[in-house]
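I opened this notebook to keep track of what I looked up in the structure. The entries follow the order in which I went through it.

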Amino acid sequence: MSEILLETQDLALAYGGFRAVDGVNLSVKAGTIHSVIGPNGAGKTSLFHCLTGGRKPSEGSIFFNGADITHRPAHARVGIGMARSFQVTSLFQNLSVRENLRLAAQGCDGDKALAFWRPVGAGKAHIATAERVMERLGLAAKANTAAGDLSHGQQRVLEVGMALCGEPKLLLLDEPTSGMGIDDIPIMTHLIAELGKDHTVMLIEHNMGIVMTISDTITVMSRGQILVEGKPDAVRADERVRAAYLGEAAV
Amino acid sequence: MKRLMTSKGLFGGTTLAVLAILVLLPLVLPSATLATEIVIFAMAALACNLLLGYGGLLSFGQGLFFGAGSYLSALAMIHGGVGLVTALVIAIVAGALIATFVGMLSIRRTGIYFVMLTLAFSQTGYFLAYTLSKWTGGDNGLLDVPRPGLSLFGVDLVDLKGAHAYYVFVALIFMAVYVGARRVIDSPFGSTLVAIRENESRASAVGFDTRHFKMLAFTLSGAVTALAGALYGMLINYVPLDNIAMAMSENIVIMTVIGGTGSLLGSLLGAGTLVLMGEILSSIWPRWPLLLGVLLILIVVFLRGGVWGGVESLIGRMTRKDEA
């Protein structure tokens, strides 16, 4: 269990003179749910962009499963076992729930999907993955509904499901509860806890309450750096964390 | 009727409708040449539809592929003395290569810059053809383009000099292209192309290198468009400079939009509408493109699915009435 799946070394991302991520050394252990929290502007999302390949870090390196992936483009991280969800729901709005998930499963094949002479139906494994994930998400009844017609809560669940279709080693979730109603949040929290049983999950969250119950490890970021890291109880009790969040509340 | 039309089989559904239209066209229209022209442009519109309707890529470079297919096949026949099949293969390969090149550079940008790049390539092609007048005939066009008979391995099979024989030949090629295009759209590639149109950053996040998919869409589109261009040169025994002009790109896009983006059958209807409008109205009123403009505005504003979209919703409404 102590094997490290994702590791950053002195990772930095600068926008001009402003260092959004400033020397972060993060280790995500395999088989855990690891949350990164912090007040607005702490650099969580910038860190996430570096990890998913959306932005090139200015300094430092990222290792996944022992391999240096610092300069790997975003789409090429899927094949090695990394999958992500978006903070702002990003689905194929006009396509059915089933087709959304089937495409996500097909994505692991990368360029093999360029096969223009083969019928879609021949990709039975992808269809099976889509069905399985739909069951797991509790969206089976909505299989033929267009993603854009789902309720916001269901769209957020599908958003996480898209990442699941790649059968990834590591799930990177960017504020999965973002914009969700108070009633829907327990559904998402439960789903993430479920996923944590057979995936390594790295979660970016703004809301501290959500991650306390499900995380194995919590990293608190502030001003681009790691402020505190530890078990939920230790983090909850830490004075510096309170100060960082209180400081935000005072503004 | 509805079940037949919406059937998913490669040879059922709209393929049957296309077959019926192809059989009827030369019987209904005054000349087989007019019918052939419609089918050739339908092929070009269908190729444009693959980019625009499925990939969401508005290319104003289609005229370049069309013109290149016309010129290169004609030049190969005139100077190289090659036969029909070889000339068509040359057009297909050249179209695929040129489109891959144009696609490769254009898709580095998105949105309006992408469109401008395809336009720039198209204009470059036009002026190249204009400048190389020793080969292309420049403003006068390339004259005396032959229409050889169909022969395989030195054996003459069919003479295509007659207008009806040539129509059948073109219609058969169209049928093959149509079935092929349906396969492409229903393939992993086609479904990914739609995904890229819907949400490119999500498509990339689930693992697709979207540039490869857009490029292949260009390659396929260019190959089919150039094939149409080659067939057109043989139809009118002449390659006018217009074949590679801006207006050609424009017309192909307009046919696609009028017929309905995202519907292959629509491309046939769109090409039919435009060619017939030109044929009928140009003899009555030389300013007929004005009406075309009005039609285009009406369709874009009121009938986003194009002619085929309108027909589809009409069928839908009729069958719902039947059930009620």
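Entry 1, domains. The domain bounds I use come from an automatic or database domain assignment. I am working on a predicted model, in which local features need pLDDT of at least 70, side-chain atom pairs count only at pLDDT 80 or more, and totals for chains, interfaces and linings use all residues. Residues are numbered from 1 along each chain as its sequence is written, while chains are lettered from A and ligands numbered from 1 in the order in which they are written. For chain A the assignment gives domain 1 as 1-73 + 170-177 + 201-251 and domain 2 as 82-167, and I find 27 Å between the C-alpha centres of domain 1 of chain A and domain 2 of chain A.

Nine residues of domain 1 of chain A meet nine residues of domain 2 of chain A. On the side of domain 1 of chain A that touches domain 2 of chain A, S8(A) gives the most, with five residues; helices (H or I, at least four residues) and strands (E, at least two) are DSSP runs, numbered from the N terminus.

Entry 2, the sheet. I count two strands as paired if DSSP finds at least two bridges between them. In chain A, six strands make an open sheet of mixed pairing, in the order S7-S8-S9-S4-S10-S11. Strand S7 (82-84) and strand S11 (225-230) of chain A are at the edges with a single partner strand each, so one side of each is left without a neighbour in the sheet. From one strand to the next, the twist averages 20°, with axes being lines fitted to C-alpha atoms, for helices over the stretch in contact, and angles running from 0 to 180 degrees between N-to-C directions.

Helix H1 (residues 44-52) of chain A packs on this sheet, where it touches S4, S7, S8, S9 and S10 of chain A, and its direction makes about 145° with that of S8(A). Helix H5 (residues 185-195) of chain A lies across S4, S8 and S9 of chain A and runs at about 150° to S9(A).

Which strands does S4(A) pair with, and in what sense? S4(A) runs parallel to strand S9 (residues 200-205) of chain A, joined by five bridges, and pairs in the parallel sense with strand S10 (residues 217-222) of chain A over four bridges. I noted A:Leu203 in S9(A) as the bridge partner of A:Ser35, and A:Thr219 in S10(A) as that of A:Val36; A:His34 stands opposite A:Thr217 in S10(A).

Are the faces of S4(A) covered or open? Both are covered, with A:Ile33, A:Ser35 and A:Ile37 buried on one side and A:His34 and A:Val36 buried on the other. I call a residue buried if 20 or more other C-beta atoms lie within 10 Å of its own, exposed if 12 or fewer, and partly exposed in between, with C-beta atoms placed from the backbone.

I find 15 helices and two strands in chain B, and 48% of its 324 residues count as buried. The contact between the chains takes 29 residues from chain A and 24 residues from chain B. Helix H2 (residues 97-106) of chain A supplies the largest share of the side of chain A that touches chain B, namely three residues.

Note on methods
Contact = placed C-beta atoms within 7 Å.
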